[in-house]
Amino acid sequence: MNDGCPGNGQVKKFVFRGKSSSNGETRGEYLEVVIPELLSAGYSFYTWPSAPLLAWYLWTQRRHLHGLRVLELGCGTALPGILAAKCGAHVTLSDSVALPRSLQHLSACCEANGLIPGRDVQLIGLSWGLFLADFHALRPLDLVIASDCFYEPTQFEDVLATVAYLIEGSDSKLLCAYQERSGDWSIEALLKKWGLKGAILDLDSLSESTGVDFRALIGERSLHILEISSE
Ligand SMILES: C[S@@+](CC[C@H](N)C(=O)[O-])C[C@H]1O[C@@H](n2cnc3c(N)ncnc32)[C@H](O)[C@@H]1O
């Protein structure tokens with residue numbers, strides 16, 4: 001995998017708006033996340049279409065994020081994890097331990113949003129299926145998040161083995177947004193093998209209940225949000 005050959009740079013801005021009501025008063029809520037990207041530098045230097053979808057879902061849940069221990073897997077530029085941290089979650093962002101330049105770029109993404117690595121957010125190298133000595137120290141977690149980490153079928157089992165370990169024996173779950181790139185790919189058997197179950201969120205109902213137009217966010221792509229928990 002490419003780890004940071006020079007690419008064209010750009011900064012992408014994601015704006016999240018919503019309303020909150022208390023004591024009969026409604027007020028607008030606003031969050032801006034900026035992501036520096038290096039186009040063509042590698043998978044982890046660019047924000048994939050699943051990431052805004054997951055970030056918007058988390059935004060709709062922002063009132064429940066405060067104080068939660070959240071880990072993002074394969075975070076790349078980490079739009080969902082940065083949003084969760086901005087909403088008050090204790091966030092650890094991870095990407096492959098074999099991609100040090102990606103982790104450096106991740107640091108820049110955090111700093112662009114006023115988050116100081118090591119203080120406001122933790123950054124670690126974590127490769128799926130690789131259980132290094134300090135891996136167990138990540139638990140307990142309230143929530144694991146991932147966006148576009150099911151894109152290479154040979155890695156599906158490594159992702160799920162990692163998730164199974166992280167959420168084992170707890171109420172924690174994985175929320176992952178993914179893009180369906182082939183009708184032949186399935187994680188059904190692997191979920192069973194690792195004692196997990198999955199449910200796809202109904203985005204139409206979510207649009208109705210939250211007022212966020214998830215269909216517009218998805219556009220022509222086949223994007224979904226899957227919730228995975230222990231069986
Ligand atoms: C398609 S990109 C998605 C990036 C980001 N989550 C997003 O949606 O914008 C896949 C991400 O998984 C990371 N990745 C690939 N193989 C990995 C592995 N074995 N362990 C951990 N992360 C890995 C890549 O570095 C990259 O950041």
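Two strands are taken to pair if DSSP finds at least two bridges between them, and helices (H or I, at least four residues) and strands (E, at least two) are DSSP runs numbered from the N terminus. The structure is a predicted model, in which local features need pLDDT of at least 70 and side-chain atom pairs count only at pLDDT 80 or more, while totals for chains, interfaces and linings use all residues. Residues are numbered from 1 along each chain as its sequence is written.

Seven strands form an open sheet of mixed pairing, in the order S5-S4-S3-S6-S7-S9-S8. S5 and strand S8 (196-200) stand at the edges with a single partner strand each, so one side of each is left without a neighbour in the sheet.

Strand S4 (residues 90-95) has five of its six residues buried and is therefore largely enclosed by the rest of the structure; buried means that 20 or more other C-beta atoms, placed from the backbone, lie within 10 Å of a residue's own. S4 pairs in the parallel sense with strand S5 (residues 122-125) over four bridges, and threonine 92 stands opposite glutamine 122 in S5. Strand S3 (residues 69-73) also pairs with S4 in the parallel sense, over four bridges, with valine 70 opposite valine 91 in S4.

S3 has a parallel pairing with strand S6 (residues 143-147) as well, again over four bridges; here the bridge partner of glutamate 72 is isoleucine 145 in S6.

Around the ligand there are 21 residues, of which Ser44, Trp48, Gly74, Gly76 and Ser147 come nearest; a residue is near a molecule if its C-beta atom, placed from the backbone, lies within 6 Å of it.

Terms used
A residue is buried if 20 or more other C-beta atoms lie within 10 Å of its own, exposed if 12 or fewer, and partly exposed in between; C-beta atoms are placed from the backbone.
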